[in-house]
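Thanks, everyone, for making time this morning. I would like to walk through one model with you, going from its domains to its chain contacts and then to its cores.

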Amino acid sequence: MTYWNERTECMDREAVCQLQLEGLQATLNRVYKNVRHYRKLFREIDFMPEDFTSLDMLKNLPFLTRRDLSRNYPYDMFAVPLREVVRLHTTSFNFEEPVVIGFTGNDMANWAELTARNLAGVGVTRDDVVQIALTFGTMSGPFGIQLGAELIGSSVIPMSAGKYKEQVKVMRDFKTSVLVSTPTVALGLIQAMEDLGVDPNSLTLKCGLFGAEPWGEKMRSEIEAGFFITATDTYGLTEVFGPGVAWECPAKKGLHIAEDHFIAEIIDPETLEVLPPGREGELVITTIGKEAFPLIRFRTGDLTRIDFEPCECGRTHCRISRIFKRCDDVLVVRGTSVVPDQIGRILSQAGGFEPSFQLVVDRAEDKDRLMVVIEATDKFFFDEMKKQRRLVENLHRQVSEFLGWEVDVRLVEPGTFETGEKVVDNREFD
Amino acid sequence: MLRLINVNCYYGLVRVLKNVSLHVAEGEIVTLIGANGAGKTTILRAISGLHPVRSGNIYFENRDVTGWPAERLVETGIGHVPEGRQIFRPMSVHDNLELGGHLVYKHYGRKRLKSEISEVFDMFPVLHQRRNQYAGTLSGGEQQMLAIAMALMAGPRMLLLDEPSMGLAPMIARDIFSRIAGFQQERKLTVLLIEQNARAALAISHRGYVMETGRILVEEEAGALLSNPEVKRAYLGRERREIWE
């Protein structure tokens with residue numbers, strides 16, 4: 001078992017608590033001083049950060065939602081002046097006002113450390129060649145992996161997603177040993193290998209990190225069998241660094257959260273009560289080491305369970321179970337978060353009125369497909385069929401353009417939707 | 001090795017330490033930085049029992065030492081070198097060292113005290129040269145060395161240093177710092193350091209804390225602290241209300 005930083009990854013519970021208390025006190029002092037949003041929030045509940053004495057008091061503090069973050073667009077959540085910020089990212093959430101996340105030089109160094117722990121934990125060394133098949137864009141995912149891999153000293157190939165045939169060629173010729181991508185891209189690559197007649201035995205791959213969208217054990221075994229590798233899950237949100245927040249060790253028994261940087265809580269998304277370990281609920285993250293963009297009790301929307309038992313890999317940091325579901329209407333498809341309200345807004349812009357609709361995701365041929373099902377009210381009936389077709393085509397184009405990949409748009413009879421659900425997820429994660 | 005949890009201290013009605021928590025692991029050098037009046041010295045005084053702790057706990061080697069009298073803490077292994085070179089000026093260097101080693105004399109006798117003194121002289125040869133001189137006639141750097149040597153005489157496992165470079169020429173200050181790093185390694189000491197000269201102090205430290213008006217704002221590795229904007233601000237003692245200029 002290899003550790004990147006054994007001292008912190010295996011520190012005892014008492015030391016973790018001391019570190020968390022110190023970090024949280026310092027963070028609260030800092031946000032109260034520097035961020036207007038928190039100052040206002042804390043004053044409303046009559047809380048002074050200097051009176052914070054125990055980690056148990058965290059549950060009395062207010063939550064932070066993505067709406068809060070986007071309301072403070074662009075820079076109002078930053079706790080440092082903009083000149084200290086060396087990197088800006090935005091989230092995959094498509095609100096009208098996105099969320100802007102800043103990183104200071106130290107944040108970048110901490111982030112590199114966190115992803116290096118992840119990579120080293122699954123066996124990546126300086127001798128490896130890491131192929132990053134994630135889109136390099138405003139989202140932070142691939143950059144974090146790059147930082148970590150470079151800190152370890154391995155060679156990084158920033159491949160971006162797509163262009164499967166070129167990727168396979170690079171993978172074979174550059175002697176890639178570690179693949180980092182979304183599970184969908186991994187399956188696409190396996191398909192491309194079959195098409196090109198590339199034998200997985202001719203590759204030098206030894207392991208893969210996959211994340212950014214939900215994937216089950218069945219998919220894991222498909223990927224492992226297709227590449228002859230061990231595949232592990234990694235979890236992160238752009239709001240909280242990105243990858244490196246939580247990751248699976250080779251024991252594959254849950255994802256370790258870096259407790260020296262984050263405090264994790266599980267809450268009931270309805271009552272907002274903190275749930276004991278073992279119960280499933282929404283993951284809430286508090287950062288204790290971030291300089292530019294500290295978060296106090298940030299609601300991730302992801303459903304999981306927490307486990308404080310030490311893992312067989314020797315790490316003492318708590319583990320969360322793999323994440324397949326969300327507690328809000330947001331769908332995570334192909335590494336993108338799809339918000340129904342946003343789709344509704346596009347439909348109404350494109351069509352002139354907001355129809356009643358449902359988002360349906362299913363998995364066919366190893367690919368997630370999103371279907372926008374629209375109730376055909378009389379507004380969709382024209383004297384010419386051509387006009388109706390043009391309208392549907394227009395909707396299809398607008399939504400696909402917005403998301404960056406192809407979606408299906410289909411009209412159905414009114415009254416087809418039995419429930420008021422806006423999203424239907426037919427994918428199976430076992 | 002040393003842990004502070006939610007320590008509060010007052011000067012009269014004024015609350016100068018506001019729920020301060022920090023820790024120093026064995027063998028570490030940790031630096032506290034902050035503007036004047038942030039409460040750095042008060043933390044050291046609270047640890048060594050010179051200032052009453054209103055609430056909170058101080059643990060030394062997993063024992064709760066909150067409220068212990070200063071002399072008992074010295075016996076437990078906490079040495080404190082106060083600010084401003086507090087030596088006995090009208091006494092000779094040798095006598096100063098003997099005073100620093102009064103515990104050694106009490107517990108182990110004169111022989112042991114002598115060998116301890118010669119050990120300290122090995123560490124600071126300058127003091128040996130000047131052993132019969134009045135302490136007040138030493139130069140600033142030598143006085144600081146004497147102050148540190150006095151604290152070392154009691155055989156501490158943890159050393160609290162309050163501004164060792166205060167009022168010293170930069171070159172002498174650098175010498176003091178390299179000596180601190182040297183004997184820390186040699187004697188396997190754990191050091192909690194307060195310093196105005198943040199750059200020099202962080203260069204020999206493992207970690208650091210930034211304080212402002214009785215609160216801790218940042219805890220980080222020493223290297224990262226140097227590039228932290230909060231450090232520059234707290235260290236310059238100037239609060240910039242306007243974040244976006």
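Into which domains is chain A divided? Bearing in mind that this is a predicted model, the assignment gives domain 1, covering 82–253, and domain 2, covering 332–425. The centres of domain 1 of chain A and domain 2 of chain A, taken over C-alpha atoms, are separated by 31 Å. Where the two meet, nine residues of domain 1 of chain A are in contact with 11 residues of domain 2 of chain A, and the domain 1 side of that contact is made up of four nonpolar, four polar and one charged residues.

Let me turn to the contact between the chains. Here 22 residues of chain A are in contact with 19 residues of chain B. On the chain A side, the elements that contribute two or more residues are helix 2 (13–34) and helix 5 (105–121), and it is helix 2 of chain A that provides the largest share, with nine residues. Sorted by class, that side of chain A holds eight nonpolar, eight polar and six charged residues.

Finally, the cores. The largest nonpolar core has 88 residues, and the members that touch the most others in it are A:Val180, A:Val245, A:Ile257, A:Phe262 and A:Ala264. If we take A:Phe262 and leave aside its neighbours within four places in sequence, its contacts include A:Val240, A:Val245 and A:Ile257, together with the run A:Ile285, A:Thr286, A:Thr287 and A:Ile288. A second, separate core contains 72 residues, among them B:Ile148, B:Leu168, B:Leu202 and B:Leu225.

Note on methods. Residues numbered from 1 in each chain as written. Chains lettered and ligands numbered in written order. Predicted model: local features only at pLDDT ≥ 70, side-chain atom pairs only at ≥ 80, totals over all residues. Contact = placed C-beta atoms within 7 Å. Helix = DSSP H or I, 4+ residues; strand = E, 2+ residues; numbered from the N terminus. Nonpolar A, V, L, I, M, F, W, Y, C, P; charged D, E, K, R; others polar. Domains from an automatic or database assignment. Core = buried A, V, L, I, M, F, W, Y, C linked by C-beta atoms within 7 Å. Buried ≥ 20, exposed ≤ 12 C-beta atoms within 10 Å, placed from the backbone.
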